[in-house]
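Student: I've just been handed a structure I've never looked at before. Could you take me through it, one question at a time?

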Amino acid sequence: MADDAVNGNKIDAEIEITFNSDGLVPAIAQDADSGEVLMLAYVSPTALKRTRETGQAHYYSRSREELWKKGETSGHTQRICEIRADCDADTILYLVEQTGGACHTGHQSCFYRTLDGTEVINRVFDPESVYE
């Protein structure tokens, strides 16, 4: 059975994701080619379903309390290459092909600064011109 897992063969039934008490699960978006961590957001069952149906990343905005498709406003989309679940099935990983920057601040990744405030990733777009 270990050989099957290494070779990528399906050995288990579909994984049931464990959503938290708010009905959400954290989702990490990672560039499928470079491995760069792009962002962390939350996903509702509906967002996960829509992501699987369309092949485009969907999330749930906790501040706006609504479903959102990544790039709907900016055009900076995330095409899903693969979706993975962690060992406890309470966090998911979107392996994506990112078009444009992932962060609303204009950076490629939301993780663009160190704790001392040093920016370690340059902006790839001007957010003021994208989010008017």
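Student: Between which two strands is the loop that holds Ala89?

Tutor: Keep in mind as we go that this is a predicted model. Ala89 isn't a glycine, yet its phi is positive, about 60°. Most residues other than glycine have a negative phi. As for its place, Ala89 is in the loop between β5 (78-85) and β6 (92-98).

Student: Is Ala89 buried or exposed?

Tutor: Buried means under 20% relative accessible area. Ala89 has a relative accessible area of 8%, so Ala89 is buried.

Student: And Cys87, buried or exposed?

Tutor: Cys87 also lies in the loop between β5 and β6. The cut-off for exposed is over 50%. Cys87 has a relative accessible area of 78%, so Cys87 is exposed.

Student: How far apart in space are Cys87 and Gly117?

Tutor: In sequence, 30 residues separate Cys87 and Gly117. In space, going from C-alpha to C-alpha, the distance is 33 Å.

Student: How many disulfides does the structure hold?

Tutor: A disulfide is a covalent bond between the sulfur atoms of two cysteines. To count as one here, the two sulfur atoms have to be within 2.5 Å. For Cys103, the nearest cysteine sulfur is that of Cys110, 3.6 Å away, and Cys103 is in no disulfide. For the whole structure, the number of disulfides is zero.

Student: Which residue in the turn of the β3 and β4 hairpin has a positive phi?

Tutor: Strands β3 and β4 pair in the antiparallel sense over four bridges, and Tyr60 stands opposite Leu67 in β4. The hairpin has four residues between its strands. The residue in the turn with a positive phi, about 55°, is Glu65.

Student: Is Glu65 buried or exposed?

Tutor: Glu65 is in the loop between β3 (58-61) and β4 (66-69). Exposed calls for over 50%. The relative accessibility of Glu65 is 61%, so Glu65 counts as exposed.

Student: Which residue has its backbone oxygen 3.5 Å from a polar atom of the His76 side chain?

Tutor: His76 is in the loop between β4 and β5, and at 12% relative accessibility it counts as buried. Leaving aside neighbours within four places in sequence, His76 is in contact with residues including Lys70, Gln98, Gly101 and Phe125. The backbone oxygen 3.5 Å from a polar atom of its side chain belongs to Gly101.

Student: What is the angle between the planes of the Tyr59 and Tyr94 rings?

Tutor: The whole structure has three aromatic pairs. One of them joins Tyr59 in strand β3 to Tyr94 in strand β6, 35 residues apart. Tyr59 and Tyr94 are both buried, each with a relative accessible area of 0%. Their rings are 5.5 Å apart centre to centre, the pair is tilted, and the angle between the planes is 45°.

Student: Stepping back, in what order do the elements of the protein chain run?

Tutor: The secondary structure comes to three helices and six strands. The C-alpha atoms fill a box of roughly 50 × 30 × 30 Å along the principal axes, and buried residues make up 35% of the 132 residues. From the N terminus on, the order is α-β-β-α-β-β-β-β-α.

Terms used: Residues numbered from 1 in each chain as written. Predicted model: local features only at pLDDT ≥ 70, side-chain atom pairs only at ≥ 80, totals over all residues. Heavy atoms only, no water. Buried < 20%, exposed > 50% of the residue type's maximum accessible area, 1.4 Å probe, protein only. Polar contact = N/O pair within 3.5 Å; in protein donor to acceptor, adjacent residues only side chain to side chain. Contact = heavy atoms within 4.5 Å. Phe/Tyr/Trp six-rings, centres within 6.5 Å; stacked < 30°, edge-to-face > 60°. Pairing = 2+ DSSP bridges.
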